[in-house]
Amino acid sequence: MFTGIVEELGEVVAVERLPDAARLTVRGPRVTAEASHGDSIAVNGVCLTVTDSSDKTFTADVMAETLRRTGLGALSPGSPVNLERPVELGGRLGGHLVQGHADGTGEILSRTPGEHWDVVRIATPPDLARYIVLKGSITVDGVSLTVSALGADGAGRADGGRPAPWFEVSLIPTTLEMTTLGRLQPGSQVNLEVDVIAKYVESLLASGPPGPPPAPPPVPAAAASQTGNEQPGARS
């Protein structure tokens, strides 16, 4: 479990393409300081398992499903990546509960520079738009952000011609400096993870109200008769 507070801006050192997977080697001195085989590290918001670590780098295998649902397949040597270690039990929850299980990808539509922050508009896959609410939390490339605006415009893409949904986030100078979001331009792909609580609520509502509790098992006749014959004070 993560919080969406990026600890370090790392760099992809090597990418090994496999028939149905990829193997990434990433440099990140802070997150690898105590990393060992089997540990988890979020790379651009995707939880990966460390298979090897040495010389301030770590290696992780990325299966085909992850490559299909995220932008990790587009990484190459030299690509900057957001890195975060799992939150420790009892630690501060600086962002929000992030699983590191990306739900899909979005596309940066525009960014509007301000005096103290940038406003970034991101196109949302139609099947994820219902989970995004104004002032709610969303994870963009592993960064916990607050939704500052919602809307839909333009021609639909894969949703039968309906307007394409989008959301906006406002990025403060620290986020612009310490994460990849300060570098991405319109047309860039980003990994999205919506708030897991919304998905659980939807699943519970879809399943309907719980049924009546099961009836207790019948008491055997012999046991019922014996119980009925035992009267207070009958024994001496």
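Modeller: Let us begin with arginine 111. Arginine 111 is buried, because its relative accessible area is 14% and buried means under 20% relative accessible area, with exposed over 50% and partly exposed in between (1.4 Å probe, protein chains only). This is a predicted model, where local features need pLDDT of at least 70, side-chain atom pairs count only at pLDDT 80 or more, and totals for chains, interfaces and linings use all residues. Residues are numbered from 1 along each chain as its sequence is written, and side-chain values use heavy atoms, with hydrogens and water left out.

Where does arginine 111 sit? Its place is strand β7, residues 104-113. Strands (E, at least two residues) and helices (H or I, at least four) are DSSP runs, numbered from the N terminus.

Now follow the side chain of arginine 111. A polar atom of this side chain lies 2.9 Å from the backbone oxygen of leucine 181. The side chain also reaches the backbone oxygen of leucine 184, at 2.4 Å. A polar contact is a pair of N or O atoms within 3.5 Å; within protein, one must be able to donate a hydrogen and the other to accept it, and residues adjacent in sequence count only if both atoms are side-chain atoms.

Next come the neighbours. Contact means heavy atoms within 4.5 Å. Leaving out residues up to four places away in sequence, arginine 111 touches several residues, among them Asp118, Val119 and Val120. Leu171 and Leu176 are also among the residues it touches.
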